[in-house]
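Open the model in your viewer and keep the sequence panel beside it. The tour goes from one selection to the next.

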Amino acid sequence: MIQASELYRLQEIDLQVQQKHKRLEEIAAQLADNKALTEAQTQVEADQQVLTPLQAKVRKLEGEIQTNTAKVRDTDETLYSGRVKNPKELQDMQHEIQSLKKRNQELEDTLLETMLSVDEADTALKASTAKLDTLRAQFELANQSLIDEQKRLKSEGSALLKSREQLLPTIEAETLRIYNNLRRTKNNHAVAVLNNQSCSVCRVQQNMNVIQAVRKGEGLTYCSSCGRILIYRSG
Ligand SMILES: [Zn+2]
């Protein structure tokens, strides 16, 4: 007697193991692929590198303007204090005030421009940071479900391998050898079922000799067309 149902069960297990293995490989590849996240991170860093020097420039300009304003105030006070009598000196002081005020005007123009650039850079940074946060959340969420799936597949896989081990001793060594050889050449489908006198895989109708041999199940019978082990399954 060939162990038709055992052989069929073995093939079912092997196909499932193979399917799970394939999915596990896909998951591993997906987990390793975080290109979008890396790009978003790089963008945030680039935006930050634009903003930081602009903010420093604003502080520097504000400081310079403050210093000049203080100088104008001090010179103004001296000018109107009456302490300085020399007309040449007084004129120099007035010139200095004018030149400081002119300089501050220029600095304030630059400050305004720089503050607009800061606003722009800040908006860009906020946008790229928001994008990174979203991508990170999505990635973690996706990873979580992938990790859960990975765990489930691994435990299902090891359960299948355990049933395979229990099944193997019930199948004759020679049958097993033939099964394993056929698996390699028949795209992992070594076993086909006789279905209404036809092979369930290649669909070719079998002659009466084959049909009778399969039904008797005394030895291995092969599909007359595709060469797979043909088994008879009642019900
Ligand atoms: Zn066939």
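Start by selecting helix α1 (residues 4-32) and helix α4 (residues 173-185): their axes come within 12 Å and cross at roughly 40°. That makes α1 oblique to α4, because angles under 35 degrees count as roughly parallel, over 145 as roughly antiparallel, 65 to 115 as roughly perpendicular and the rest as oblique. The crossing of α1 and α4 is right-handed (the near helix is turned clockwise from the far one by less than a right angle; anticlockwise is left-handed). Helices here are DSSP runs of H or I with at least four residues, numbered from the N terminus. Axes are lines fitted to C-alpha atoms over the stretch in contact, with angles from 0 to 180 degrees between N-to-C directions.

This is a predicted model: local features need pLDDT of at least 70, side-chain atom pairs count only at pLDDT 80 or more, and totals for chains, interfaces and linings use all residues. Residues are numbered from 1 along each chain as its sequence is written, and side-chain values use heavy atoms, without hydrogens and water.

Next, select helix α2 (residues 35-81) and helix α3 (residues 87-167), which pack at about 160° with axes 6 Å apart. That makes α2 roughly antiparallel to α3. The crossing of α2 and α3 is left-handed.

Last, select the zinc ion with C199, C202, C223 and C226, whose SG atoms coordinate the zinc ion at 2.2 to 2.4 Å (donors are N, O and S atoms within 2.8 Å of the metal, or 3.2 Å for Na, K and Ca). In sequence, these donor residues follow the spacing C-x2-C-x20-C-x2-C.

Note on methods. Helices (H or I, at least four residues) and strands (E, at least two) are DSSP runs, numbered from the N terminus.
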